[in-house]
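Work through the exercises below with the sequence and the model open side by side. Each task is followed by a solution in steps.

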There are 2 protein chains.
Amino acid sequence: MTRHPAVVPAPAMMHAGDGTFLLGAGVVVGGEAAASALCTELLAQRTGLSLEAGANAQISCTLIDDGEPESYRLRVTPEGARLEAPDAAGLFYGVHTLAQLVARHDGEWILPAVEITDAPRFEYRGVMLDVARHFHGVDTVKGYIDRASALKFNVLHLHLTDDQGWRLELSSRPELTGSGSGTSVGDKPGGYFSAGDYRDIVAYAAAHHMTVVPEFDVPGHTHAVGLGYPELAAPPAASEAVDDAVAEFGGGMPTPGVPYIGLAVGFSSLIIDSAATDEFLADVFGELATMTPGPYLHVGGDEALGTPPADFAAFMARVTTLVAQLGKTPIAWHEAGAAPGIAPSTVGQYWGFVTPTADSAEKARAFVTHGSRLILSPADAVYLDMKENDSDRLGLTWANGPTSLERSYRWEPTSIIDGIGEDAILGVEAPLWTETIVNAADIDAAAFPRIASAAEAAWSQPEQRDWESFVVRVGRLGPLWTRAGIAFTPLPAVQWAHDEE
Amino acid sequence: MTRHPAVVPAPAMMHAGDGTFLLGAGVVVGGEAAASALCTELLAQRTGLSLEAGANAQISCTLIDDGEPESYRLRVTPEGARLEAPDAAGLFYGVHTLAQLVARHDGEWILPAVEITDAPRFEYRGVMLDVARHFHGVDTVKGYIDRASALKFNVLHLHLTDDQGWRLELSSRPELTGSGSGTSVGDKPGGYFSAGDYRDIVAYAAAHHMTVVPEFDVPGHTHAVGLGYPELAAPPAASEAVDDAVAEFGGGMPTPGVPYIGLAVGFSSLIIDSAATDEFLADVFGELATMTPGPYLHVGGDEALGTPPADFAAFMARVTTLVAQLGKTPIAWHEAGAAPGIAPSTVGQYWGFVTPTADSAEKARAFVTHGSRLILSPADAVYLDMKENDSDRLGLTWANGPTSLERSYRWEPTSIIDGIGEDAILGVEAPLWTETIVNAADIDAAAFPRIASAAEAAWSQPEQRDWESFVVRVGRLGPLWTRAGIAFTPLPAVQWAHDEE
């Protein structure tokens, strides 16, 4: 029996047809070079078949003149598969859809007949990787680009700096990595990206139709800055909120000048009202802007728990204005919405809960009031480092306790914040914080399958999203993920498929 | 029904017992710190269970006073599992055996009752990764260490240099990487390890009980040296053997001073009789010796097809003597056996076929005649980059055509070279050359499952090795490999298992 086609994230329109197209050694793949090469590679990885490249192709990838950016049309009949898109990104997404359609049927590899018309709901579809709490090297980041782009994410946000380390080498401030990158959480080895490493990542992301959004998190989360530049660091703050964070996450308070290897947050700050700090910001964001071809620079702004509100507001206004003057669009975590003077173009990233507090909703709405938009990262739905069960080895539980796959799936972007509808939402982003995540296998185990929930929230139209359908469709990706070396967690909520013999 | 325990490589002695030990949230793991932490991690990765650490453990890992190096005893009963070993490596191997025993039974995770006494056949059990043809970064190398050490390999041989690039930064000769590392085969991006990267790899290998054997391949395979140091490079050699290699592998002859991105071999050489070359060798092997805590330095010596035999012999004598004087044991590919003056401690690495030519057998025997031993890497059995089928996307076929899993398995080390028995064999090594292997997923697809054949040739006693048993045992590792994110190729010769619900 032919299986019903299963695609994640759900396409805008999909109709199953009659029959199947048989994949075999004689099948020819042709058309646009990058897309047909990717198609051959993905089909080989999935099936072991080595298809031919050439003209008169049964599987064709063609650029056409009309259609929205990133959209595609895919039609599979018993005679072959025809993919059309107006741009290279659309072909790329269509090829990944085609690879998901491959199935085992009566001992043969087939594509089920289907007609798909697809385009994204949101223009910004992000994943974030924290390379500061534990450093993750170039190969691991490339692997995450492979994984995320296959689910039609188009932004890689790199959280490059935190109390535990500064992970991007800058010629303007060499001691940031020279003194500030030697360790990770738990005194594990540190590390950093050279300028060449960063260029390599940006280029690899671009080849996978992803934009890199680099983040230097200021004014808090900056203990590591003080290791190389002690004149910039305020003394560790002692406030009730900081005490609570230290008590909840552990690792104690830091000692100035000594690398921080604990998990607490909120204690550190750059000195706010200082010409040296302004010079530092101009250096590091200036250099970052020249290294970054994409339109966004993320300035952080979260959890500055020990910084007085007026100081925080003044600082966020200055740093977002600086980034705007550098010709980039600033992004800040939603706390910066409390700063009335932020650059009006600043995009807010909301990381509160699916049911917001009045305070976090108000701060998030401020970005829209200023004329910009929001990225939604509700922590109790799309923070990929949240545990599924209390007993899990990896992950944390502070975001409303463990997060089930179902909870990660069942939320609607326009229903989070009162007054924030479709037009005010730039997109959806799924962060992966790495306090407990040490290597590539840990990243996979934490992110998969929950990353698929976030992919569907970012790409699929609300009327195509359905939990019962999702657990079947995700389960059908199991063999594809296994062939790609993705160490996903086989959650029991999913009906995991195996290839028939 | 309880499954019969399946372990790869096959242990020296294994008896199945009655019943099973039930793994569940209440189970406590204790004993030696590193082994019990690894055990908890591997069981969590395999099952999702987060076991407790502590005293009165049902799963215990204990150092004892007697036993051969790297050996262990493991006894599983319905009450628990007791692992004992005389050293940390033995505990490490015992834990990996235990992780392989985990099975799904009536909806629960269990260990079958079993008694295992195990120790390696050969002291040198190696994998080689070519980071020269395509560069593979630190994370990918660490991932390969994870994978190989879990199969009880204890040597990582890094092929650090070749015509296509020099991949280790040296302060004595900065232009080796400054000018000689920018590209890979097919004009893909290059790369290199900094000294810190190399230290990081060596430390990670040591933590996984693997010794790093670094190779600078001389006098041939050195086109990249001439990019930064043209005064050291002989003109590309034109000989019949070189012409044949260029015709077979493609990519044409190189141009001096221009990076080589083809696949041919044999055309390049350092200038042999030159004070500048001797100074270069003293610099690079001297620096490599100080960076390398392990006992071996590999000097290459293969495929110097354009170098006159007398020159080659003189050169290999000089470079092996240099390495011996640096306090290290030289390793050379078997061609160096033709050089009568090589340092007597030089270990030979045989890379001919399972059925040797008279010439290659004679050269290999010379190392033993000199008083040293051999590492066996028969190319038509354990070269992991050989294709399984002609139509495969990855790999080459020059070693007697495609290599089936069965052919990779069915060979016996003492039956390869006449006169070379157990005592003359230091060990077995499985190289992975990367002309066609671009990233970590490619490495997995090429190496797995064939790497398991090599593991068994290196570790297991001949009387425990059996092809029919092997294909069942390897198939039982499928779910374990999937959970570890290993993108193995699901060859049809193997009976791949899936976890029961």
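**Exercise 1.** How many bridges join strand β9 of chain A to strand β10 of chain A, and which way do the two strands run?

*Solution.* This is a predicted model, in which local features need pLDDT of at least 70 and side-chain atom pairs count only at pLDDT 80 or more, while totals for chains, interfaces and linings use all residues; side-chain values use heavy atoms, with hydrogens and water left out. Residues are numbered from 1 along each chain as its sequence is written, with chains lettered from A and ligands numbered from 1 in the order in which they are written.

Step 1. Find the strands: β9(A) covers residues 124-130 and β10(A) covers residues 155-159. Strands (E, at least two residues) and helices (H or I, at least four) are DSSP runs, numbered from the N terminus.

Step 2. Count: 5 bridges join β9(A) to β10(A), and the strands run parallel. Two strands pair if DSSP finds at least two bridges between them.

Step 3. Check one position: L129(A) has L158(A) of β10(A) opposite it.

**Exercise 2.** In what order do the 8 strands of the chain A barrel follow one another?

*Solution.* Step 1. The order is β9-β10-β13-β14-β15-β16-β17-β18 (chain A), closed into a barrel with parallel pairing.

Step 1. From one strand to the next, the twist averages 30°. Axes are lines fitted to C-alpha atoms, for helices over the stretch in contact, and angles run from 0 to 180 degrees between N-to-C directions.

Step 2. α8(A), residues 275-291, lies across β13(A) and β14(A) at about 170° to β13(A). α14(A), residues 450-459, lies across β9(A) and β18(A), running at about 170° to β18(A).

**Exercise 3.** Which residue of β14(B) is the bridge partner of E215(B)?

*Solution.* Step 1. In chain B, a closed barrel of 8 strands with parallel pairing includes β13 and β14.

Step 1. β13(B), residues 211-218, is joined to β14(B), residues 296-300, by 2 bridges.

Step 2. The partner of E215(B) is H298(B).

Step 3. Helix α5(B), residues 195-207, lies across β10(B) and β13(B) and makes about 135° with β13(B).

**Exercise 4.** How many residues of chain A are in contact with chain B, and how many of chain B with chain A?

*Solution.* Step 1. With contact meaning heavy atoms within 4.5 Å, 22 residues of chain A meet 23 residues of chain B.

Step 1. The two chains bury about 1,900 Å² between them, 45% of it on carbon and sulfur atoms. Buried area is the accessible area (1.4 Å probe) that two parts lose on being put together, summed over both.

Step 2. D139(A), R393(A) and R483(A) supply 28% of the area that chain A buries against chain B, more than any other three residues.

Step 3. The elements giving two or more residues to this side of chain A are α1 (33-47), α3 (138-150) and α16 (478-483).

**Exercise 5.** Where are the cis peptide bonds V8(B)-P9(B) and F448(B)-P449(B) placed in chain B?

*Solution.* Step 1. Most peptide bonds are trans.

Step 1. The bond joining V8(B) and P9(B) has omega of about -5°, and P9(B) is in the segment before β1(B).

Step 2. The bond from F448(B) to P449(B) has omega near 10°; P449(B) is in the loop between α13(B) and α14(B).
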